[in-house]
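The sequence and the model come first, and the description follows.

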Amino acid sequence: MTMQTRIPCVMMRGGTSKGAYFLAADLPSDAAARDRVLLAAMGSPDPRQIDGMGGAHPLTSKIGIVSRSTRTDADVDYLFAQVVVNEARVDTAPTCGNILAGVGPFAIEQGLIPASDGETKVRIYMVNTKSLCTARIKTPGGEVTYDGDARIAGVPGTGAPVLLDFNDIAGSSCGKLLPTGNVRDVVDGVTLTAIDNGMPVVVMEAEALGITGYESPDQLNADAALKAKLESIRLQIGPKMNLGDVTKKVVPKLTMIAPAREGGSITTRTFIPHVCHEAIGVLGAVSVATACVIPGAVGSDMAVVPPGDTKILPVEHPTGEFTVQLEMKNGEILRASLLRTARRLFEGNILVPRAAWSGADMKLMAAQ
């Protein structure tokens, strides 16, 4: 009989992504052993991920690892892992705001923190970027509910709103909001703004790359010349953003912008970084919206930005829009707030080959 290892797991949709959520205690503490397990769980490397639970797409090959926090300013710690689909690689450099949307409900239902009657605030420390977020989860009667009237683009139906409030996320991966020290840079003849307000993003005008910015993801994914130019830009700007050699990293993201067409602030097409996103990442949208309000940044002269210190910025993407709210004072961004939904999809055990656990803590193994 083939021996396998059972690992408690919850599959959840968080925003417009889907992934496996684990308690940190149920995974190896050694990073290399943990990554072997995650690759096996998702079925990577394989373009179909046929031998694992991944969905053969970057948006469905994600992991959330959660534990009680020892910090006084957080309730739980959240480590995000992007399992690369067709490579034997797990990237923990960036965080993910969509998977973040499921962390609060997961933490409550796994018993990490008690629920209040009505709404429960979960203070989350995002380990990847060393930043904090407060998630507000609907908990009528002290139980998580996924039913509600909130609707987000890219997800069918409605659900309970998950409100995410971010503080002090500027430069969370790169060290500062404008990591190159410039509002604009030029790489390969393309003017761009490198920015990090929760996610490292390179913002460029679509026309500068020979496209309109309204193409479908399939059209852009089929454009080999465009993809080669984007990768050249990414590899050159990455070190200047304090990210080092980004050859094997999933950051920075690459966002091409055009004037809004559906009443929003800006239209986007984002590569993450080698596949065009059907939408836009949560924190990627925050970084793009931030560029729109920085004088001189790419997008600032194109975006529709409302007056006042509270700015509502709908960021359009191929399947709808993502609304970012920025609280500002004297030109400084104090807080970014977002609305997501999430849903628990499956709970049980993921089975991985015993060989994936080589070198892991044997007490965590439960043979099938």
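## Salt bridges

The model shown here is predicted. The count of salt bridges in it comes to 10. One of them joins D75 and R123, whose closest N and O atoms are 3.1 Å apart. D75 sits in the loop between β3 (62-68) and β4 (76-83), while R123 belongs to strand β6 (residues 118-126), so this pair ties together parts that lie 48 residues apart in sequence. R123 has a relative accessibility of 32% and counts as partly exposed.

A salt bridge also links the side chains of R89 and E87, with 3.0 Å from N to O. R89 is buried, its relative accessible area being 14%, whereas E87, at 33% relative accessibility, counts as partly exposed.

## A pair within helix α4

Another salt bridge is formed by the side chains of E231 and R234, at 2.9 Å from N to O. Both residues lie in helix α4 (residues 224-240), where they are 3 residues apart, about one turn of the helix. Are they buried or exposed? E231 has a relative accessibility of 18%, and because buried means under 20%, it counts as buried. R234 also counts as buried, at 0% relative accessibility.

## Strand β11 and its neighbours

Strand β11 (residues 200-205) is mostly covered, with 5 of its 6 residues buried. Its pairing with strand β10 (residues 190-196) is antiparallel and runs over 5 bridges. Within this pairing, V203 of β11 is the bridge partner of T193. The hairpin of β10 and β11 has 3 residues between the strands, and G198 in this hairpin takes a positive phi near 110°.

β11 also pairs with strand β12 (residues 253-258), in the parallel sense, and 5 bridges join the two. Here M204 has M256 of β12 as its bridge partner. With 1% relative accessibility, T255 counts as buried. Leaving out residues up to four places away in sequence, T255 touches V201, V202, V203, M204, T268, R269, T270 and V288.

In soluble globular proteins, nonpolar side chains tend to be buried together. The largest nonpolar core in this model has 83 residues, of which V76, Y78, F166, M204, M256 and V324 touch the most other members. Helix α5 (residues 282-292) gives the most to this core, contributing 8 residues.

What is F166 in contact with, apart from its neighbours within four places in sequence? Its contacts are L100, M126, L132, C133, L283, L334, R335, A336 and L338. There is also a second, separate core of 22 residues, with A40, A41, I63 and A356 among them.

## Helix α2

Helix α2 (residues 97-109) has a kink of about 30° at V103, shortly before the proline P105. Of the 13 residues of α2, 12 are buried, so the helix is largely enclosed by the rest of the structure. The buried residues of α2 include L100, V103, P105 and F106. L100 is also one of the contacts of F166. After α2 comes G111, which has a positive phi near 80°.

Note on methods:
Residues are numbered from 1 along each chain as its sequence is written. This is a predicted model: local features need pLDDT of at least 70, side-chain atom pairs count only at pLDDT 80 or more; totals for chains, interfaces and linings use all residues. Side-chain values use heavy atoms; hydrogens and water are left out. Buried means under 20% relative accessible area, exposed over 50%, partly exposed in between (1.4 Å probe, protein chains only). Helices (H or I, at least four residues) and strands (E, at least two) are DSSP runs, numbered from the N terminus. Two strands pair if DSSP finds at least two bridges between them. A nonpolar core is a set of buried Ala, Val, Leu, Ile, Met, Phe, Trp, Tyr and Cys residues joined through side-chain atoms within 4.5 Å. Contact means heavy atoms within 4.5 Å. The bend at a residue is the angle between axes fitted to the seven residues ending there and the seven starting there. A salt bridge is a side-chain nitrogen of Lys or Arg within 4 Å of a carboxyl oxygen of Asp or Glu.
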